[in-house]
Amino acid sequence: MGRQVSRLTWGDRKGILFFPMYAGFRDAALRRFSPFCGDGEVMAQQDIGLIGLAVMGENLVLNIESKGFTVAVYNRTVEKVDAFVNGRGKGKNIVGCHTIPELLASLKRPRKVIILVKAGQPVDDFIELLIPHMEPGDIIIDGGNSHFPDTMRRTKLVESKGLLYIGTGVSGGEEGALLGPSMMPGGSPAAWPHVKEIFQRICAQTEAGEPCCDWVGENGAGHFVKMVHNGIEYGDMQMICETYQLMKQGLGMTNEEMHEVFKAWNEAELKSYLIEITRDILGYKNEQGEHVVDLILDTAGQKGTGKWTVLAALDEGQPLTLIGEAVFARCLSAIKEERVAAARKLKSPPKRIRGDRKAFIEDLRQALYASKIISYAQGFQLMRSAAKSYGWNLNYGGIALMWRGGCIIRSVFLGKIKDAYVANPGLTNLLMDPFFAGVVTKADRSWRKVVMKATQARIPVPALSSALAFYDGYRCARLPANLLQAQRDYFGAHTYERVDKPRGEFFHTNWTGRGGATSASTYTV
């Protein structure tokens with residue numbers, strides 16, 4: 001009888017033990033006849049389950065277990081389950097499961113299951129597999145890089161089944177997953193109390209011991225914030241690459257010299273994970289004594305989160321110019337063969353930047369710092385707009401705190417952003433904060449000098465220059481959009497507002513004398 005119960009419990013979805021009326025008998029059987037513990041032993045119920053034993057999944061499981069929690073794991077390729085439990089997970093409080101029912105039967109109620117698989121259809125597939133075996137109040141957690149509209153749709157679906165859903169951004173890569181990532185959970189608010197302890201124990205901590213994880217908001221809010229994080233990451237990386245190219249091609253600096261510059265920068269205002277790893281990359285040599293960075297083909301990849309950020313900005317009507325340029329810079333890098341052909345045809349090689357090298361490096365530092373402020377200002381402006389559109393109550397200072405540790409864009413700079421929003425929760429843009437306004441004002445001359453000299457040296461700096469253009473545009477009381485709107489009204493009767501009339505009144509001019517008085521019925525700002 002024991003073996004029959006074990007078979008029905010773990011492998012046969014149609015078996016009697018899966019009917020609710022037999023729940024008590026089922027649970028007793030599980031405690032007595034668990035295939036993991038042996039007949040007659042009591043099986044400890046696990047705190048949380050995880051599906052997907054790739055790099056992030058494996059490391060997150062080890063992280064969770066190291067903080068005193070028990071974990072049940074499952075992978076579609078079950079051989080990975082056995083290999084993990086008998087390898088990196090050996091001797092730890094980790095239970096391997098070969099089926100979804102097995103996984104759920106081993107968990108404490110309400111059952112909590114993290115899905116860490118490739119974004120898109122695989123997440124939907126596992127949700128469909130989980131739902132039939134879950135009970136009201138159980139929690140499904142998507143820890144992948146899902147697009148926030150998908151998370152909004154999935155939250156609605158899962159809640160309609162009486163279950164709870166969390167879509168959480170997890171940033172920090174392999175090392176972060178193992179040692180403490182930044183986590184940005186959103187979804188069903190009722191789920192947060194059940195996972196808060198686990199999430200805040202496994203996430204990164206600030207120097208003051210604050211967890212880099214807190215509840216973000218309803219439905220897709222968590223994945224939206226993670227998406228913006230990744231967009232800012234694109235911008236930070238592109239700006240660093242532009243300063244690297246200005247030093248390498250413009251100033252003719254060696255890798256060792258650039259290594260020392262980034263080392264110094266990482267000890268002041270620019271101290272961050274990305275500056276730190278850039279320092280290390282520039283100093284790294286292989287066994288042959290070659291700098292590995294010089295051996296890498298100049299074509300950048302991307303997984304789509306930067307593009308999603310730009311598309312969201314377009315939907316919200318927000319000028320996310322710097323991150324947009326960072327995404328397009330990767331696209332430009334990808335057409336390597338065209339660029340090589342163009343370099344032969346349109347001959348105009350970079351020129352050296354002359355003058356005081358030390359002074360220009362300081363100009364570069366200030367330009368990078370000011371541009372970084374613009375990138376974050378645009379990112380937070382986008383989140384503010386989306387919060388209004390989707391009804392989220394985002395805590396911007398709290399978001400900056402979540403990014404202080406564990407994630408790719410972690411930096412001391414984020415502490416200043418937190419301070420700005422603590423001082424003024426209704427802050428419309430970081431540039432309106434006294435600290436950040438002071439930094440960009442101080443950097444103004446250096447910033448312009450860098451963009452000017454880069455142009456003269458024929459070295460592209462799309463992110464640094466677009467940041468400066470946004471800064472100038474944002475503080476320009478009158479832009480040439482009056483002419484643009486006149487053009488729209490001329491060819492399409494799109495109407496315009498007037499400077500001498502209240503906002504909200506629209507006018508049309510019969511520019512040619514042939515158009516009549518009829519105007520378009522819509523006017524979009």
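## Helix α14 and its surroundings

Helix α14 (residues 321–334) comprises 14 residues and spans 20 Å from its first C-alpha to its last, close to the 20 Å expected at 1.5 Å a residue, the expected span being 1.5 Å times one less than the number of residues. Helices here are DSSP runs (H or I, at least four residues) numbered from the N terminus. The model is a predicted one, in which local features need pLDDT of at least 70 and side-chain atom pairs count only at pLDDT 80 or more, while totals for chains, interfaces and linings use all residues. Residues are numbered from 1 along each chain as its sequence is written, and side-chain values use heavy atoms, with hydrogens and water left out.

## Crossing of α10 and α13

The axes of α10 (residues 221–250) and α13 (residues 305–316) come within 8 Å and cross at roughly 110 degrees; axes are lines fitted to C-alpha atoms, for helices over the stretch in contact, with angles from 0 to 180 degrees between N-to-C directions. This makes α10 roughly perpendicular to α13, a class that covers 65 to 115 degrees.

## Cysteines

A search of the whole structure finds 0 disulfides, a disulfide being a pair of cysteine sulfur atoms within 2.5 Å. For Cys213, the nearest cysteine sulfur, that of Cys203, is 5.1 Å away. Cys213 counts as buried at 1% relative accessibility.

Conventions. Helix = DSSP H or I, 4+ residues; strand = E, 2+ residues; numbered from the N terminus. Parallel < 35°, antiparallel > 145°, perpendicular 65-115°, else oblique. Buried < 20%, exposed > 50% of the residue type's maximum accessible area, 1.4 Å probe, protein only.
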